[in-house]
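Have a look first, then we'll dig in.

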Amino acid sequence: MRAFVFPGQGAQAIGMGRALADHYPAARAVFAEVDDALGESLSALIWEGDIETLTLTRNAQPALMATSIAALRALEAEGVKITDAGFVAGHSLGEYSALCAVGALGLADTARLLRIRGDAMQAAVPVGIGAMAAILGLDFATVAEIAAEAAQGEVCQAANDNDPSQVVVSGHKAAVERACEIAKAKGAKRALLLPVSAPFHSALMQPAADVMRDALAAVTINTPTVPVVANVVASAVTDPAAIRDLLVQQVTGSVRWRESVQWMAANGVTTAWEIGAGKALSGMIRRIEKDIACLNIGTPEEAAAAAATL
């Protein structure tokens, strides 16, 4: 069985998706619909802008989603159906891409939700107050203990359980810095602050979760055509009400990616197709479950090659 997985923030690059749009009318239509939904030419920024502006959370989130859905449309043009996947999953914002891919959310709604999400996450905490850091070489349980020790009355929590060797902590800057020092003392290979603008997936994001609760209440969520493995519970969901609730929880909750991949492997997944920009998820998946074969689909050539394997 194969799973389709959708990347999160950090995969953005100037020019992503352009070859897909040039080659496939259906992919080009995705970018046009997202531009229309946002009332601006996000595609011009993606293809011709500067990386600093694209990396702003409010831009990166809808841009990465648009690129993923364009890649999916390319696959469909090559004869692949979304139901050729047994499960879909996405890393943080990638969960929105996954939900759009399986028809739970409409494309225009997804673009607008991610713009709201990006703005709300940025506004939740003043710049300089929060931070995130990657801890390499320690497992999730150990890093969770380190985060609790480092908090000292502030917020510090294990935010992203990416793979067996990489856990991201998030919270108040001073607490995150303390966590880095404790982690190094406990044998972490590396502990480095990440170039992010806010402490995502921590309790400091509660104001953004409140915004998303209202935003999600105003959109239609359909039953997905393929089950979605949700970040917050690391298992498959299909109920629209549950999906809505989990997307709110996801803003402050941990991204349980390692467990999500393990759950998919335990439920028959042997191949993962990473759909959209970059190859970060494929690297994580190989470190989590070495028996899952990974394919990347971000160009016309990759779309055609992937379709040929069916």
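Q: How does the lining of the largest pocket divide by class into nonpolar, polar and charged residues?
A: First, a word on the ground rules: this is a predicted model, where local features need pLDDT of at least 70, side-chain atom pairs count only at pLDDT 80 or more, and totals for chains, interfaces and linings use all residues. Residues are numbered from 1 along each chain as its sequence is written, and side-chain values use heavy atoms, with hydrogens and water left out. For the classes, Ala, Val, Leu, Ile, Met, Phe, Trp, Tyr, Cys and Pro count as nonpolar, Asp, Glu, Lys and Arg as charged, and the others, Gly among them, as polar. The lining of the largest pocket then comes out at 15 nonpolar, 15 polar and 3 charged residues.

Q: How much space lies in the largest pocket?
A: A pocket is found on a 1 Å grid over the protein atoms alone, as an open set of points where a 1.4 Å probe fits, with protein on both sides within 12 Å along at least five of seven lines; lining residues have an atom within 4 Å of a point. Grid points are joined across faces, edges and corners, and the volume is the space filled by probe spheres set on the points. For the largest pocket that gives about 730 Å³.

Q: Which residues are the closest to the centre of the largest pocket?
A: Among the elements that each supply at least two lining residues are α5 (57-77), α7 (107-124) and α13 (280-288). Helices (H or I, at least four residues) and strands (E, at least two) are DSSP runs, numbered from the N terminus. Of the 33 lining residues, the closest to the centre are G8, Q9, G10, L194 and V196.

Q: Which members of the largest nonpolar core touch the most other members?
A: A nonpolar core is a set of buried Ala, Val, Leu, Ile, Met, Phe, Trp, Tyr and Cys residues joined through side-chain atoms within 4.5 Å. Buried means under 20% relative accessible area, exposed over 50%, partly exposed in between (1.4 Å probe, protein chains only). The largest core has 84 residues, and those that touch the most other members are F4, V88 and I275.

Q: Which helix gives the most to this core?
A: In soluble globular proteins, nonpolar side chains tend to be buried together. The helix that gives the most to this core supplies 11 residues, and that helix is α5.

Q: Why does the F4 and W273 pair count as stacked?
A: Rings of Phe, Tyr and Trp (its six-membered ring) pair if their centres lie within 6.5 Å; planes under 30 degrees apart count as stacked, over 60 as edge-to-face and the rest as tilted. By this rule there are 3 aromatic pairs. The F4 and W273 rings have centres 5.3 Å apart, and the pair is stacked because the planes are at 15°.

Q: Where in the chain do F4 and W273 sit?
A: Both are buried, F4 with a relative accessible area of 0% and W273 with 1%. The pair links parts 269 residues apart, with F4 in strand β1 (residues 2-6) and W273 in strand β9 (residues 271-275).

Q: What kind of pair do F31 and W47 make?
A: F31 is buried, and W47 is too. Their ring centres are 4.8 Å apart and their planes at 65°, so the pair is edge-to-face.

Q: Which residues is P7 in contact with, leaving aside its neighbours within four places in sequence?
A: P7 lies in the loop between β1 and α1 (18-23), and is buried with a relative accessible area of 2%. Contact means heavy atoms within 4.5 Å. With those neighbours left aside, the list for P7 is S68, H91, L93, G94, E274, I275, G276, A277 and L281.

Q: How far apart are the C-alpha atoms of A188 and G137?
A: A188 is found in the loop between α9 (173-185) and β6 (190-193), and is buried at 12% relative accessible area. A188 and G137 are 51 residues apart along the chain, yet their C-alpha atoms are separated by 5.0 Å.

Q: Is Q152 buried or exposed?
A: Q152 sits in the loop between α8 (140-151) and β4. Q152 has a positive phi of about 45° although it is not a glycine. At 58% relative accessibility, Q152 counts as exposed.
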